Each structure stands twice: as structure tokens, then as C-alpha cells.
Amino acid sequence: ITVTLAGSKTYDGMTASTGASASLTSGSLAVGDAISYALGVLSSPVAGTYPITTGLPVTPTITNSMAPLSRTSNYAITYAGNFIVSPKPITISLAGSKPYDTTTVATGASASISSGTLIAGDSIGYAYGPLSSAIVGTYLPTTGLVVTPTVTNATAPITRTGSYTFT
């Protein structure tokens, strides 16, 4: 038989398998047998693809109402599917100005979240690239001044930047 994992959620900083489901997608059970699934927790709290075998374990249990013993060992079980944790969308706004000084250093620039929120415990920092030119003008955050956000979490030493989609 094949047990398939499906589902998705938006990054929430948690390892709970909210939104996940498992189902029997090929093969069949013997008459009277029934299958149930215990979903584990995600192997990491960040956005990504979690396979059924390593990223989000699913434990099927096969029983029969006529006999109290587990029937799971009577089946060769194949696992398929993934659970997807999508990045959380965040919009960053850029502000600031500086007097003309012939340099491309972005002194006076500041970025902030203008739409969306970080998950509790996550914090954001910004790195500012050089201005695309030293002439007087308006510089957009995507072409004139590159702003690179970095998201971290004090309780987990892994970067969380990929768990957000920045615009």
C-alpha cells in the first residue's frame, strides 16, 4: 500500500503539522481492516519542503475491529508526498536621504516593515548596498539601493530569512 502526505501552511515559526494530512493512495486493505495516521512534527520550523519519510514523519496504524492486534506489520508500506511550508510575505519600505557628497554610501537610509509581521521571536536586520550612482536623485530599493534583510531567532540559531518573501 502507499501512504501519501499532503498539505501546506504559511511559515509560522512552529514545527506543528497544522494543515497536513495523510491518506491511502494506492493498494487496498483487507476486509475489516482500517487505517489511521499519527502525524509527527516538522524536522525544522523554517519554510521549505518536508518529505514524509524525514521532514514530517507519518505513522500509519492498521487495525481490525474483530481482532485487537495491530495489523500494520501485515502490509508493505510505501511512503510518498511532501508537506510544504511557504514563506510568509513581508513588505519592506525604504526611507531616508543624504546631501550630495559624490559617494555611493547609503548614509541616512533606513528600512522598515510596512506590511506583514514577523513571527514572535524572529527579528530583522538590514544591510544596505551602495547606491547605484553618486548623482542626485531618487533610488528605489530594488534597483537604486539594494536592501538585504536578514531574519534570525534568538532561541534557534538558524537563519529564518528564507521563511519570508520580501517585496
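This is a predicted model: local features need pLDDT of at least 70, side-chain atom pairs count only at pLDDT 80 or more; totals for chains, interfaces and linings use all residues.

Mentor: The side chain of aspartate 33 forms a salt bridge with that of arginine 71, at 3.5 Å from N to O. Aspartate 33 belongs to strand β3 (residues 33-39), whereas arginine 71 sits in the loop between β5 (58-64) and β6, so the bridge ties together parts 38 residues apart in sequence. Arginine 71 has a relative accessible area of 24% and is partly exposed.

The structure holds four salt bridges. As a general point, side chains of opposite charge can pair when their charged atoms come close. Another of the bridges joins aspartate 122 and arginine 160, with 3.7 Å from N to O. This pair also links distant parts of the chain: aspartate 122 is in strand β9 (residues 122-131), and arginine 160 is in the loop between β10 and β11 (164-166), 38 residues apart. Here both aspartate 122 and arginine 160 are buried.

A further bridge is formed by the side chains of lysine 98 and aspartate 101, at 2.9 Å from N to O. Lysine 98 is partly exposed, with a relative accessible area of 24%. Aspartate 101 is partly exposed as well, at 34%.

Now for the setting of these pairs. The protein has 11 strands and zero helices. Its radius of gyration is 24 Å, well over the 15 Å that the globule rule gives for 167 residues, so the protein is more spread out than a compact globule. The C-alpha trace spans about 85 × 30 × 20 Å along its principal axes.

The largest nonpolar core has 25 residues, and Leu5, Tyr50, Leu56, Phe83 and Val85 have the most contacts inside it. At least two residues of this core come from each of β1 (2-10), β2 (20-26), β6 (78-86), β7 (88-95) and β10 (145-153). The largest share, three residues, is supplied by β10. Leaving aside residues up to four places away in sequence, valine 85 touches Lys9, Thr10, Tyr11, Leu42, Val46, Ala47, Gly48 and Tyr50. Across the protein, 61% of the contacts between residues at least 6 apart in sequence join residues at least 24 apart.

Methods
Residues are numbered from 1 along each chain as its sequence is written. Side-chain values use heavy atoms; hydrogens and water are left out. A nonpolar core is a set of buried Ala, Val, Leu, Ile, Met, Phe, Trp, Tyr and Cys residues joined through side-chain atoms within 4.5 Å. Buried means under 20% relative accessible area, exposed over 50%, partly exposed in between (1.4 Å probe, protein chains only). Helices (H or I, at least four residues) and strands (E, at least two) are DSSP runs, numbered from the N terminus. Contact means heavy atoms within 4.5 Å. The radius of gyration is taken over C-alpha atoms; the globule rule is 2.2 Å times the number of residues to the power 0.38.
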